[in-house]
Amino acid sequence: MDEIEIEEIPEQFRNKTFFSGAVIRRDTNKVELEPIKGKYNILNNETNIVVTNGGGNSVYDDGFTALIGRVFDHLDQRLPKYKLFVFTGPLLQRSTESIKLKNGKLIMNDYEPLLIDLMAASNLVICRGGYNTVNECAA
């Protein structure tokens, strides 16, 4: 992870504050496409789609994974070469574990530490997220 410098917390808040990390996990000036393309075998001649569910409050699966299944079936009938990357968020209690199905076209995990890099390497990003996810997408 990148080391991010922050301004010193004012003294009156030091005992009441716990810094758990920056909202943007990665310095956008340090985005590297080749390592993330290598990790997921991303090819230039395919459509790459990232879907994020967020993770801060998404504990119970409210149909998110079923919706992804329907989206996957829809894409599979219409796009010859694609990969669908789905990140459920670390808290989502879903019935399926991290899965890699259908010749690597669907990749579902709870978390990707280099999400900004993957977003930059993709053709489309769909966010169902909160503050952190939207900031990562905007970066």
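## Strand S1 and its partners

In this predicted model, strand S1 is mostly covered, with 5 of its 6 residues buried. The strand spans residues 47-52.

Strand S1 pairs with two other strands that are described here. With S2, S1 runs parallel, and 6 bridges join the two. Strand S2 covers residues 82-87. Within this pairing, Thr52 stands opposite Phe87 of S2. With strand S5, which comprises residues 124-127, S1 also pairs in the parallel sense, here over 4 bridges. Val50 has Val125 in S5 as its bridge partner.

## Salt bridges in the structure

The structure contains 3 salt bridges. They are taken in turn below, each with the elements in which its residues lie and the accessibility of those residues.

## Glu46 and Lys83

The side chains of Glu46 and Lys83 form a salt bridge, with an N to O distance of 2.8 Å. Glu46 is located in the loop between H1 and strand S1, while Lys83 belongs to strand S2; the pair therefore ties together parts that are 37 residues apart in sequence. The strand S2 that holds Lys83 is joined to S1 by 6 bridges.

## Glu112 and Lys39

A second salt bridge brings together the side chains of Glu112 and Lys39, at 2.8 Å from N to O. This pair links distant parts of the chain, 73 residues apart: Glu112 sits in the loop between strand S4 (106-109) and helix H3 (115-121), and Lys39 sits in helix H1, residues 33-40.

Why does Glu112 count as buried? Its relative accessible area is 2%, and a residue is classed as buried because its value falls under 20%.

## Asp76 and Lys105

The remaining salt bridge joins the side chains of Asp76 and Lys105, with 3.3 Å between N and O. Asp76 lies in helix H2, which covers residues 64-78, and Lys105 lies in the loop between strand S3 (99-101) and S4, so the pair ties together parts that are 29 residues apart in sequence.

How accessible are the two residues of this pair? Asp76 has a relative accessibility of 31% and therefore counts as partly exposed. Lys105, at 21% relative accessibility, likewise counts as partly exposed. The class of partly exposed residues lies between the buried limit of under 20% and the exposed limit of over 50%.

Definitions and conventions. Residues numbered from 1 in each chain as written. Predicted model: local features only at pLDDT ≥ 70, side-chain atom pairs only at ≥ 80, totals over all residues. Heavy atoms only, no water. Salt bridge = Lys/Arg side-chain N within 4 Å of Asp/Glu carboxyl O. Buried < 20%, exposed > 50% of the residue type's maximum accessible area, 1.4 Å probe, protein only. Pairing = 2+ DSSP bridges.
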